[in-house]
Amino acid sequence: MVQYSPPPLDASFAALSDSTRRGVLERLGRGDASISQLAKTFHMTLTGMKKHVGILEQAGLVRTRKVGRVRTCGLGLRRLKDEAAWIERYRQLWDARFDALDGVVEELKAKEERDGRDRQ
Amino acid sequence: MDETGNKPAPKDRTAVERRSERELVVTRSFDAPARLLFEAWTKPELFMRWWAPKSAGVPLLSCEMDVRPGGRYRLEFGRDPSSAMAFYGEYTEVSPPSRLAWTNDETDNGALTTVTFDEEGGRTLLTYRELYPSKEALDESLAGMEGGMPEQFDQLDALLATMGGGGQ
């Protein structure tokens, strides 16, 4: 049976190894915010928050856009992990499911064969 | 066959393909006639034996199926009934032994699921297809598997903890 094993550490997870950055993502999950709003929420300097947002942005977890003098942050398209890794995890679930289904249909097959023999 | 005479490693028997922005397709070939696969998919007592394998982590507590067009189904997952998570919807197509389709109504962005069983020479190619209303709905479903961001963060926290990188 295929067991789900944690995917290797990558840029996304490295970006998330910091509790402030995880907090920023949770905050952005509820709606976009400017860097200065985030700095205020997390009691940090603007420079410190810019650094965190930069790391999240590089990992594809956050996107930013500048309108006038304000830089607004939102959740990135990449979310937490590469799509390929999510698809592989999904495949593992289905593979395990289908292994179990295989067991069930093999049993049904064997039963049909037995019943067929009994009728002869 | 490998040198021990066992079946080949199951690694690549199940294929998943994102066929379009909104569509996810899982395929697998079975050494059984289509009618048995259809039966295993439409009888609750059989369905419950395979839909939630141990590695999926969450047991299937109950399963109700009224398998006919317009009939409804309801699956409940969880460790105990008080905190069970329900999945439900309606069968839109029931054509034994080759085709089954249903809606997923537990969220507004649920997929339309279609399963086809194509039998040839005693073997059956099973194709499971999820068609989502939007690209975002598919992304969300893949990333969260079930549910949205909070669960993802829970999983992530657990994962980080196992890697010793909790960052607290």
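This report describes the helices, strands and sheets of chains A and B in a predicted model.

## The two chains in outline

Chain A contains five helices and three strands. Read from the N terminus, the elements of chain A follow the order α-α-β-α-α-β-β-α. Chain B contains four helices and eight strands. From its N terminus, chain B runs β-β-α-α-β-β-β-β-β-β-α-α.

The table sets out values for each chain.

| Chain | Residues | Buried residues | Contacts joining residues at least 24 apart, among those at least 6 apart in sequence |
|---|---|---|---|
| B | 168 residues | 21% | 30% |

## Chain A: the sheet

The three strands of chain A make an open sheet in the order β1-β3-β2, and the pairing is antiparallel. Its edge strands are β1 (33–34) and β2 (62–67) of chain A, each of which pairs on one side only. Strands of a sheet pair through backbone hydrogen bonds, in either a parallel or an antiparallel way.

Two bridges connect β1(A) with strand β3 (residues 70–75) of chain A, and this pair is antiparallel. A:Ser34 has A:Thr72 in β3(A) as its bridge partner.

Helix α2(A) lies across β1, β2 and β3 of chain A, at about 90° to β3(A). Helix α4(A) lies across β2 and β3 of chain A, at about 120° to β2(A).

These two helices also pack on each other. Two packed helices are described by the angle between their axes and the distance between the axes. For helix α2 (residues 19–29) and helix α4 (residues 46–58) of chain A, the angle is about 75° and the axes are 10 Å apart. The angle therefore makes α2(A) roughly perpendicular to α4(A).

Which residues make the contact between α2(A) and α4(A)? From α2(A) they are A:Thr20, A:Arg21, A:Val24 and A:Leu25, and from α4(A) they are A:His52, A:Ile55 and A:Leu56. Sorted by class, this contact has four nonpolar, two polar and one charged residues.

The buried residues of α2(A) are A:Arg21, A:Arg22, A:Val24, A:Leu25 and A:Leu28. Viewed down the axis of α2(A), these buried residues fall within an arc of 155°, so they line one face of the helix. An α-helix has 3.6 residues a turn, so residues three or four places apart point the same way. Following α2(A) comes A:Gly31, which has a positive phi, near 150°.

## Chain B: the sheet

In chain B, eight strands form an open sheet in the order β1-β2-β8-β7-β6-β5-β4-β3, with antiparallel pairing. The edge strands are β1 (15–20) and β3 (60–65) of chain B, and each pairs on one side only. From one strand to the next, the twist averages 20°.

Helix α1 (residues 34–42) of chain B packs on this sheet. Helix α1 of chain B touches β2 (23–30), β3, β6 (99–103), β7 (112–120) and β8 (123–131) of chain B. The direction of this helix makes about 150° with that of β7(B).

Two strand pairs of the sheet can be followed in more detail. Five bridges join β1(B) to β2(B), and the two strands run antiparallel. Within this pair, B:Ala15 stands opposite B:Thr27 in β2(B).

The other pair is strand β4 (residues 72–77) and strand β5 (residues 85–95) of chain B, which are antiparallel and joined by six bridges. Here B:Arg72 stands opposite B:Glu90 in β5(B).

## Chain B: a loop residue

B:Asp31 sits in the loop between β2 and α1 of chain B. Is B:Asp31 buried or exposed? B:Asp31 has 11 other C-beta atoms within 10 Å. A residue counts as exposed if that number is 12 or fewer, so B:Asp31 is exposed.

B:Asp31 and B:Gly122 are 91 residues apart in sequence, while their C-alpha atoms are 6.8 Å apart in space.

Conventions:
Residues are numbered from 1 along each chain as its sequence is written. Chains are lettered from A and ligands numbered from 1 in the order in which they are written. This is a predicted model: local features need pLDDT of at least 70, side-chain atom pairs count only at pLDDT 80 or more; totals for chains, interfaces and linings use all residues. Two strands pair if DSSP finds at least two bridges between them. Axes are lines fitted to C-alpha atoms, for helices over the stretch in contact, and angles run from 0 to 180 degrees between N-to-C directions. Two residues are in contact if their C-beta atoms, placed from the backbone, lie within 7 Å. Angles under 35 degrees count as roughly parallel, over 145 as roughly antiparallel, 65 to 115 as roughly perpendicular and the rest as oblique. Ala, Val, Leu, Ile, Met, Phe, Trp, Tyr, Cys and Pro count as nonpolar, Asp, Glu, Lys and Arg as charged, and the others, Gly among them, as polar. A residue is buried if 20 or more other C-beta atoms lie within 10 Å of its own, exposed if 12 or fewer, and partly exposed in between; C-beta atoms are placed from the backbone. The arc is that of the directions from the helix axis to the C-beta atoms.
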